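Here is a short briefing on one protein chain. Look at the model first, then read the points below.

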Amino acid sequence: MPASSVGNDVDIDIGALFASLWRNKLRILVGSLLLTALAFLLMSLVAPKYRAETRILIETGESVFTRPANQQADDRPVLDQEGIKSQVELIGSSDLLKRVIVKLDLAKNPELSAGAEPSALSRLFGAVGIGNNPDEETRDDYILQSVRDRLLVYNVAASRVIVIQFSSKDPALAASVANAIADEYVATQQSAKSRANTDAAGWLQPEIADLSQRVKDAEAKVAAYRGSSDLLIGQNNAVLATQQLSELSTELSRVRANRAASEASAQSVRAALAKGAPVETLPAVMASPLIQRLRERQVQLNNDIADLSASLLSGHPRIRALRSQLADLNNQIRLEARKVLGSLEAEAETARLRESQLTSSLNELKEQSSKAGEEEVELRALEREATAQRQLLESYLTRYREASSRTDRGYLPADARIFSRADRPIEPYFPKKIPMTIAAFVASLLLLSIITLLRALFSGQALRPATQPFVMEEAPAPAAVRDIPGPVQPVIVEPVQPVAQPGAPLAGDIPEEPAFVETKEQQAGLHTPAVEASVEPPAIPTGHSGIANVATRLMASGAARAVVVSPEGDEASALTILLVRELADRGVRVILVDMTGSGEIGRSMLDDKNLPGITNLLVSEKHFSDVIHPDHYSQAEIIPLGNHDPAKAMQSVGRLPMILNALQSAYDLVVVDAGPATVVELKHLLADGTELILGVVDPDDPDVAAIAKAVYDAKLLEPELLTPFEKEHLRLDSGRIVRSA
């Protein structure tokens, strides 16, 4: 900030501010005591108000003994938070409050009916027929509103407790009204349940009568259809035809098994007889009693022959007689075996005939069973209808008996219980004289102290002139570019010999000023008195091409971007730093983009810190917030060159216009120092609303002349000269820099 801009600044003198409080301490204390006494007097005149409260718990009133049989303990209705809020609204409803008003005769209470009494003017207007008669139409509404104003009903958070509070000047009235409202609410709940039971019983009675008749009709249809379709029921609730079919199928299976067994036995006997094999070992033959006896006789004869053969010869008459008997016995056994074979064949034939008969009967029963199945479908439909009607009738009868028993016996448990009734309050809740008196004293003390402080501020007693620190002029002397704060190596430029003016000493007569080298204290902004006495700070140039004039022109033109070309390198870029700081001191929100290639501008303004900058932003390595840094010696901001490879960063130079446009939307002016840029490189930086500035330290430098000529030939913007000169002026004429008086 320039030194002239702080000439009228003032600071607040904290010591004088609190000294004003001490000087007026007696006035503040007496005033606070008077205001506190006035507040105490007003509270003493206010009639005390008492508050009584009754608490209601919302819970189911049913017990395990009276709960309906089909309702479990977990099925009991419990109100949720919305239901609790609904009950709160019910307690504060107009109908319930009107019943309480009538029950307690609150219309005659002076406190509640004070607003209901009409004024003399209202009575006069009502007597002559102007307006309504307040005695007849609005008295009840006034009393109801008065009760509602003193009533507070709320639900305790995270619970099913409802609190009823009533305020009144009479403690007995406060307690009685709160209890009466709670009692009326419970009575309303019981009345609602009674009405619900009566309505249910009244609705169920005709429904039961009608449903009983429908059950009779449904069961009659079932019986009639069963009789007409001959669907007789046998064992296990099965249709008779189906049951007979099952039994006949079982009998047929048994007959087929017997036939197969008989045929197998006959086949074995037949095969044995045909082969001449002994048949007495076959099971079917051995089952015959006659064969068993013959077999025993055969065994006896064989034993006798064996015994006699031991003492007699084979031709002995006794042995021949026994052998003759044995041969006859064998023939008799085979004859009996043929009889058994005939019996088995007869048995098999009988089984085949029985099987044929059973198969015929089974086919007939299949037809009957199929027909019975179709009829049974219709029968089951009729039975289902009758069963449904019967179950519904039984359900209605159960509900009707429960509703009737509750109505007849008067058992109507409400889903609310008063667990804390209101007692007569002893202490009023308003006004609390002691706490309110203390609060009034503290408030009055604070208010009078604030008033005293404001008076001291507005009267100027607590203000003092601001201390103006030494501010060095930012423009260098004509001999060199000197004032570049920071750790940058000082730039020493030989003085430029001005053109001899009439009456002025020649260049050789002008004593050469020694090169100016800043100490470390001066670079950090800490100037000691000795340095200030020995070195005269340079003045800001005021000529046509000076730094101040360039800043004035940029502010007047309203340019959004300024591109500075510094053909002489870092010496000329120092002028850009002075220009940016001049603009910042004038209140312009300005940012400097260092694109010189050397990065000396950023290091000079940021105390030699190597921070990320424009090269990092071009390659999308950093965000805007990471590359924008505040200047350590002004209100300006800077984007340094950065620590990324400049050659690689310039490969993304196509993003540069987008970056500059984004900066222009956030700042009043964007200054780009392009260093010794060429015409081709400048075309990437120029756009609408851009000012081109040519930084010149030595007008005779060939690089300066070359860039000025190139800009003129390329028909770019006409540049504005930025020089540190004061006594002479420079101007551009067809791309040439000329001096003018």
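Predicted model: local features only at pLDDT ≥ 70, side-chain atom pairs only at ≥ 80, totals over all residues.

Residues are numbered from 1 along each chain as its sequence is written, and side-chain values use heavy atoms, leaving out hydrogens and water.

**Whole chain**
- The chain has 24 helices and 15 strands, taken as DSSP runs (helices H or I, at least four residues; strands E, at least two).
- Among contacts (heavy atoms within 4.5 Å) between residues at least 6 apart in sequence, 80% join residues at least 24 apart.
- The accessible surface is about 42,000 Å², and 55% of that belongs to carbon and sulfur atoms.

**Helices α16 and α17**
- Helix α16 (residues 547-557) packs on helix α17 (residues 570-585) at an angle of about 55°, with axes 9 Å apart.
- The contact involves Ile547, Val550, Ala551, Leu554 and Met555 of α16. From α17 come Leu575, Leu578, Leu579, Glu582 and Leu583.
- By class, this contact of α16 with α17 has nine nonpolar, no polar and one charged residues.

**Leu245**
- Leu245 sits in helix α9 (residues 240-275).
- Leu245 is buried, at 17% relative accessible area.
- Leu245 touches Leu362, Leu365, Lys366 and Ser369, not counting residues up to four places away in sequence.
- Leu245 and Leu365 are 120 residues apart along the chain, yet their C-alpha atoms are separated by 5.7 Å.

Note on methods
Axes fitted to C-alpha atoms, helices over the stretch in contact; angles between N-to-C directions. Nonpolar A, V, L, I, M, F, W, Y, C, P; charged D, E, K, R; others polar. Areas by Shrake-Rupley, 256 points an atom, 1.4 Å probe, with all protein chains shown as cover. Buried < 20%, exposed > 50% of the residue type's maximum accessible area, 1.4 Å probe, protein only.
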